[in-house]
Amino acid sequence: MKHWLNQHVQALSLVLGRLKKQWLDTLMICAVIGVTLAIPSLIYVIVDNLNGLVTDVKKDSQISLFLNKSADESSIQNIQQQLTNNPNIKHFTFVSKENALKQLIANSKNSDLIASLDHNPLPDAFFIEPNSIAKQDLQQLQESLLALNGVQDVIVDSEWMNRLQSLLRIGSQAIWIFGGLLCFTLVAVISNTIRMQILTHKDEIEVSELIGATKSFIRRPFLYLGTSFGVIGGVIACFTLWLVTYLFNLNVTKFAQEYQSSFSLHFNVFTTFLGMLAVSASIGWLAAYLAITLKAKTKY
């Protein structure tokens, strides 16, 4: 066990020495890896935050039920009773046409013009919060509300949210495809770099083979080299993601405040960074393994 551990420590020390000696080349390839990994990670964070925003907005979605202008007090009470007994309705609020007109006048810049109207054009309305926001449940509830006597129109406010959520699902699938293509590109880039390293140390490999070195002993430094590229690139990717998110939030927070919103990009730092490092290290190891396996001239 001690001998096996010493071999790994020796290989790792050798790799770190080579990286230090060629620090500029190392920095360049790791920067390429980091930026390449940061791009799909940033897109994933954006889409994930938008999904959360859509979910929060959908929770606040309402069904607007407008009554006929000729609806009297008994009709309103009858509808209110049926809404109370409906198990698919969580909560509802009644707004009379008089109160609606007062709110319109208070919030409008043309309040004098509205106040001069000879009649109230607004209907009585109920604003309903459903128990379920599933598309099929909302449709069934809308149909049942339209069938009520005295109801003129029923508007579901979350239709555009359903369309947006469908687009975000497509975006999530596109991220995996885009990320997979970038990972393939990184494997090719790192693999080519490892092959160049194999050619550079060809004489050392041949000498090691002549004195009885095993294939594992010869392969081990190159596997550590590829993994080191991946880990350092992953650290750069994590820093890039954090920096871009921080700069984005500085600007978007001020913009969102103008619309009474607190939207900002956020993510679980520990799990996200740990996942990025695991992916980058795996890509580096896989690229190194493919390079030393497919390199026919070295037989490794």
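At the start of helix α10, a side-chain oxygen of Asn268 comes to within 3.2 Å of the backbone nitrogen of Phe270. The model is predicted, so local features need pLDDT of at least 70 and side-chain atom pairs count only at pLDDT 80 or more, while totals for chains, interfaces and linings use all residues. Residues are numbered from 1 along each chain as its sequence is written, and side-chain values use heavy atoms, without hydrogens and water.

Helix α10 covers residues 269–294. Helices here are DSSP runs of H or I with at least four residues, strands are runs of E with at least two, and both are numbered from the N terminus. The 26 residues of α10 reach 37 Å from first to last C-alpha, close to the expected 38 Å; the expected span is 1.5 Å times one less than the number of residues. Among the buried residues of α10 are Phe273, Met276, Ser280 and Ile292. Buried means under 20% relative accessible area, exposed over 50%, and partly exposed in between, with a 1.4 Å probe and protein chains only.

Helix α3 is next. Ile76, Ile79 and Leu83 are buried in α3. They cover an arc of only 65° around the axis, which puts them on the same side of α3; the arc is taken from the directions from the helix axis to the C-beta atoms. An α-helix has 3.6 residues a turn, so residues three or four places apart point the same way. On the other side of α3, Glu73 and Asn85 are exposed. The cover over the buried residues of α3 includes β1, β2, β3, α6 and β4.

Asn86 lies in the loop between α3 and β2. Asn86 counts as buried because its relative accessibility is 17%.

Key
A polar contact is a pair of N or O atoms within 3.5 Å; within protein, one must be able to donate a hydrogen and the other to accept it, and residues adjacent in sequence count only if both atoms are side-chain atoms. Contact means heavy atoms within 4.5 Å.
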